[in-house]
Amino acid sequence: MILFVILFCLVIACLVWLTLLPFWLVPVYIVMSVFTFIVYGIDKYKAKKDKVRVPESTLHIYEVLGGWLGAVFAQAFFRHKTLKQPFRKWFLLTISVNILCVVVLALLPVLTNFNR
């Protein structure tokens with residue numbers, strides 16, 4: 001999964017460089033990934049201390065908004081949310097939705113000028 005993240009980042013960088021994606025997408029991914037990484041760490045800490053946890057739906061919202069890159073690293077670093085099957089299914093769905101949104105964003109200029 002880490003290799004997939006690296007490949008995704010390289011593709012995003014190339015698409016931004018080719019001006020097929022807006023530059024603002026890069027800082028959004030960075031900020032959301034760092035934020036999501038921190039929230040995963042907080043959730044892991046709360047899980048160990050048996051305190052009120054971060055709702056899984058909140059984690060998924062952060063992931064779909066671009067934080068899935070940080071979530072992948074957080075899962076590996078904290079060894080958190082790596083085996084729970086319903087969570088993994090939704091996690092992979094959030095990645096798919098995010099990538100689909102990026103593809104649509106990249107194709108938007110082509111799609112809007114299709115019949116001109």
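Colleague: Is D50 buried or exposed?

Modeller: This is a predicted model, where local features need pLDDT of at least 70, side-chain atom pairs count only at pLDDT 80 or more, and totals for chains, interfaces and linings use all residues. Residues are numbered from 1 along each chain as its sequence is written, and side-chain values use heavy atoms, leaving out hydrogens and water. Buried means under 20% relative accessible area, exposed over 50%, and partly exposed in between (1.4 Å probe, protein chains only). D50 has 71% relative accessibility, so D50 is exposed.

Colleague: Where does D50 lie?

Modeller: Helices are DSSP runs of H or I with at least four residues, numbered from the N terminus. Phi of D50 is near 60°, a positive value in a residue other than glycine. D50 sits in the loop between α2 and α3.

Colleague: What is the relative accessible area of T19?

Modeller: T19 also has a phi near 60°, positive though the residue is not glycine. T19 belongs to the loop between α1 (2–17) and α2. T19 counts as exposed, because its relative accessible area is 67%.

Colleague: At what angle do the axes of α2 and α3 cross?

Modeller: Axes are lines fitted to C-alpha atoms, for helices over the stretch in contact, and angles run from 0 to 180 degrees between N-to-C directions. The axes of α2 (residues 25–48) and α3 (residues 56–78) come within 7 Å. They cross at roughly 60°.

Colleague: Which word describes α2 relative to α3?

Modeller: Under 35 degrees counts as roughly parallel, over 145 as roughly antiparallel, 65 to 115 as roughly perpendicular, and the rest as oblique. The crossing angle is roughly 60°. That makes α2 oblique to α3.

Colleague: Which residue meets R53 in a salt bridge?

Modeller: A salt bridge is a side-chain nitrogen of Lys or Arg within 4 Å of a carboxyl oxygen of Asp or Glu. The whole structure has 3 salt bridges. At 2.9 Å, N to O, the partner of R53 is D43.

Colleague: Is D43 buried or exposed?

Modeller: D43 is in helix α2, 10 residues apart from R53. R53 is partly exposed, at 35%. D43 has a relative accessible area of 0%, so D43 is buried.

Colleague: Which residues do salt bridges with shared partners join into one network?

Modeller: K81 and E56 meet in a salt bridge at 3.0 Å, N to O. E56 also forms one with K84, with the closest N and O atoms 2.4 Å apart. Through shared partners, the network joins E56, K81 and K84.

Terms used
Helix = DSSP H or I, 4+ residues; strand = E, 2+ residues; numbered from the N terminus.
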